[in-house]
Every structure is written in C-alpha cells, then in structure tokens.
Amino acid sequence: MRAWMLALWLALLSCQTHAESAMEVRYISDAPRYQEYIEILRTALDKTIPEYGPYVMSHPEAEMNEPRYMADAISGKSVNLVWGSTSVERERTLIPIRIPLGKGLLGYRIGLIRAGEQARFSGVKTRDDLKRFTFGMGPGWGDIAICRHAGLTVWIDPYEKLFKMLTAGRFDFYSRGVNEIFTEFQAFHLSEQGIAVEKDLLLHSIYPFYFFVSPAEPRLASRLKMGLEKMLNDGSFDAIFWKYNQANIERAGLARRHVIELANPALPPDTPLDDHRLWFAPSARRP
C-alpha cells in the first residue's frame with residue numbers, strides 16, 4: 001500500500017513539476033481572423049520543444065484593441081506575446097521577431113467601398129488622386145501613419161464599427177489586406193449591408209507584421225526566433241502561408257489591378273528587406 005501511494009505521489013509531483021516548468025505563452029486573442037498567426041505560433045513552439053521544453057498557451061477572455069494589448073505586453077502581465085505592424089517605437093519597447101507574418105501580404109491593400117460607387121475609383125492612377133477620398137481605419141493601426149504620410153484623410157473608429165461607418169458615408173474606402181478582405185466580406189455578410197469590394201486598385205507599402213514579445217520574456221523571444229527559422233528552412237512556414245492565403249490571392253486578381261505605392265514612414269532600419277524568403281511577391285506561385 002505504501003509503495004502504491006508513493007508511486008502515486010511521485011506521479012503527481014512529476015505532473016506538477018512538468019506544468020510548472022512549461023513556458024507560458026499568453027497571446028492576444030483566439031478570434032477567427034487570427035488563426036493563421038496562431039497556427040504559426042503553435043508550430044514554432046512545437047518545433048522547439050526539444051530545446052525549450054513544453055509550453056502552455058492562453059489568451060484573455062475579453063477582446064482588447066491594439067493600443068491596449070501593445071501597452072499590456074510591455075509589462076507582460078496579461079499578455080506576453082502580441083502581433084502587429086512594426087515601427088521604430090514598437091521595436092524599442094518590445095522584442096520584435098523580424099520574420100514577417102503573412103510574408104508582408106498585409107502591405108497589399110484593396111478596398112471595401114459602398115456598392116454602386118466603383119466608377120469613383122476606376123479612374124484613380126496616382127497618390128494625388130486618392131486625396132479625393134477618406135480612408136477608414138482602426139485605432140493604432142500602422143497604416144494610419146502610411147496614409148497620413150501620403151497626405152490622405154483618415155477616419156478612425158473601432159474595428160467592429162467601421163463597416164457601419166462605411167455604409168453611413170463617414171468615409172469612402174476601407175483599406176483591407178488581401179489576406180483579410182474576402183473572409184470579412186463573407187463573415188460579416190457585407191453585400192447585404194450595401195458594401196462591395198473595389199475592383200481596380202492595389203495599394204502597396206512595405207508593411208512588416210511581426211510577433212512581438214514582452215521585454216520581460218527574452219527566452220520566449222529566442223524560442224520563437226528559432227522556431228520560425230526552422231519553419232522557413234523546412235517549408236512549413238510557406239505551407240501555412242499558402243494554406244490561408246492562396247484562395248484570396250487568386251480571387252484578388254492582383255495582376256489586373258493598378259498599383260499605387262505608398263511609403264511607410266515608420267519602417268525601422270533593421271527591417272530584413274534583403275531576405276527574399278520572407279516576402280510575398282505578386283508574381284509568386286505556390287510551390
């Protein structure tokens with residue numbers, strides 16, 4: 001009996017020690033629009049179990065907007081891992097993992113507009129032509145600075161309100177990533193709200209979108225960098241990219257759209273622009 005109880009106690013102690021030693025990864029949200037990033041995160045953590053051991057993942061129950069979760073990540077109390085566009089300031093206050101999620105596809109933007117207004121946009125050829133319109137964006141989004149740098153007018157409202165504000169005429173063009181727009185169009189039944197996908201324009205800027213880690217968690221940052229490098233080398237990073245984005249890339253018809261380049265004034269000097277493994281090009285095809 002004593003031997004049985006001792007064995008049980010040792011087993012429970014082992015489980016407790018295992019749980020206590022597991023690396024905690026507290027990320028921002030489990031919302032459907034983030035599933036690509038969550039799969040990348042989980043895969044990178046799985047690939048580094050031999051070097052770093054087990055992990056546990058969790059997220060806050062309540063949704064937070066970008067300024068809130070970026071601020072929380074600095075302390076690492078409620079979240080210790082976030083994702084978002086980069087800037088010099090963000091790379092100063094958090095630890096950037098400089099492998100762009102989505103291979104920079106988020107920098108290729110097409111628009112949601114009010115149904116029946118396509119003719120207003122079909123003649124647009126230059127950045128100056130865009131100044132006739134107001135652009136809708138959420139608080140803290142990196143493309144606010146990009147648009148304002150180009151002299152464009154920006155309307156800011158929380159993400160969940162922007163579709164209604166577009167319909168109400170508060171702004172004209174809701175700039176969305178190629179990897180976002182069709183999923184949102186279907187999920188939110190936007191055609192029923194009088195919203196359409198603009199057909200002719202493709203706005204492009206260099207728009208790195210990274211994992212950022214709390215400065216209190218350098219070991220987690222090292223683990224993610226190792227895991228993402230492993231994924232780049234074994235092809236699993238690209239496999240996830242194409243799994244989530246191939247249909248949207250094909251549906252967007254990038255080759256037929258008129259491209260307008262917009263400079264990113266917040267682009268940090270350490271952006272890995274010369275590593276072509278990391279960036280999507282419109283001419284790319286799935287291997």
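Me: Where is the place of Met 57?

Reply: Helices (H or I, at least four residues) and strands (E, at least two) are DSSP runs, numbered from the N terminus. Met 57 sits in strand E2, residues 55-58. Before we go on, note that this is a predicted model: local features need pLDDT of at least 70, side-chain atom pairs count only at pLDDT 80 or more, and totals for chains, interfaces and linings use all residues. Residues are numbered from 1 along each chain as its sequence is written, and side-chain values use heavy atoms, with hydrogens and water left out.

Me: Is Met 57 buried, partly exposed or exposed?

Reply: Buried means under 20% relative accessible area, exposed over 50%, and partly exposed in between (1.4 Å probe, protein chains only). Met 57 has 23% relative accessibility, so it counts as partly exposed.

Me: Which residues is Met 57 in contact with, leaving aside its neighbours within four places in sequence?

Reply: Contact means heavy atoms within 4.5 Å. With those neighbours left aside, Met 57 touches Val 25, Tyr 27, Ile 38, Leu 41, Arg 42 and Leu 45. Now look at Gly 235, 178 residues along the chain from Met 57: the two C-alpha atoms are separated by 24 Å.

Me: How many helices and strands does the protein have?

Reply: There are 12 helices and 12 strands. The C-alpha trace spans about 85 × 40 × 35 Å along its principal axes. Of the 287 residues, 50% count as buried. Take contacts between residues at least 6 apart in sequence: 78% of them join residues at least 24 apart.

Me: Which strand does E3 pair with?

Reply: Two strands pair if DSSP finds at least two bridges between them. E3 pairs with strand E11 (residues 209-213) in the antiparallel sense, over 5 bridges. In that pairing, Ser 85 stands opposite Phe 209 of E11.

Me: Which residues have the most contacts inside the largest nonpolar core?

Reply: A nonpolar core is a set of buried Ala, Val, Leu, Ile, Met, Phe, Trp, Tyr and Cys residues joined through side-chain atoms within 4.5 Å. The largest one here has 87 residues, and Leu 81, Trp 83, Leu 112, Phe 211 and Leu 224 have the most contacts inside it. Beyond its neighbours within four places in sequence, Leu 81 has contacts that include Phe 211, Phe 212, Val 213 and Leu 224.

Me: What should I look for in backbone angles?

Reply: Most residues other than glycine have a negative phi, and most peptide bonds are trans. Lys 103 is not a glycine, yet its phi is positive, about 55 degrees. His 189 also has a positive phi, near 50 degrees.

Me: Where do Lys 103 and His 189 lie?

Reply: Lys 103 is in the loop between strand E4 (95-97) and strand E5 (108-114). Its relative accessible area is 8%, so Lys 103 is buried. His 189 lies in the loop between helix H10 (181-187) and strand E9 (195-197). His 189 is at 46% relative accessibility, so it counts as partly exposed.
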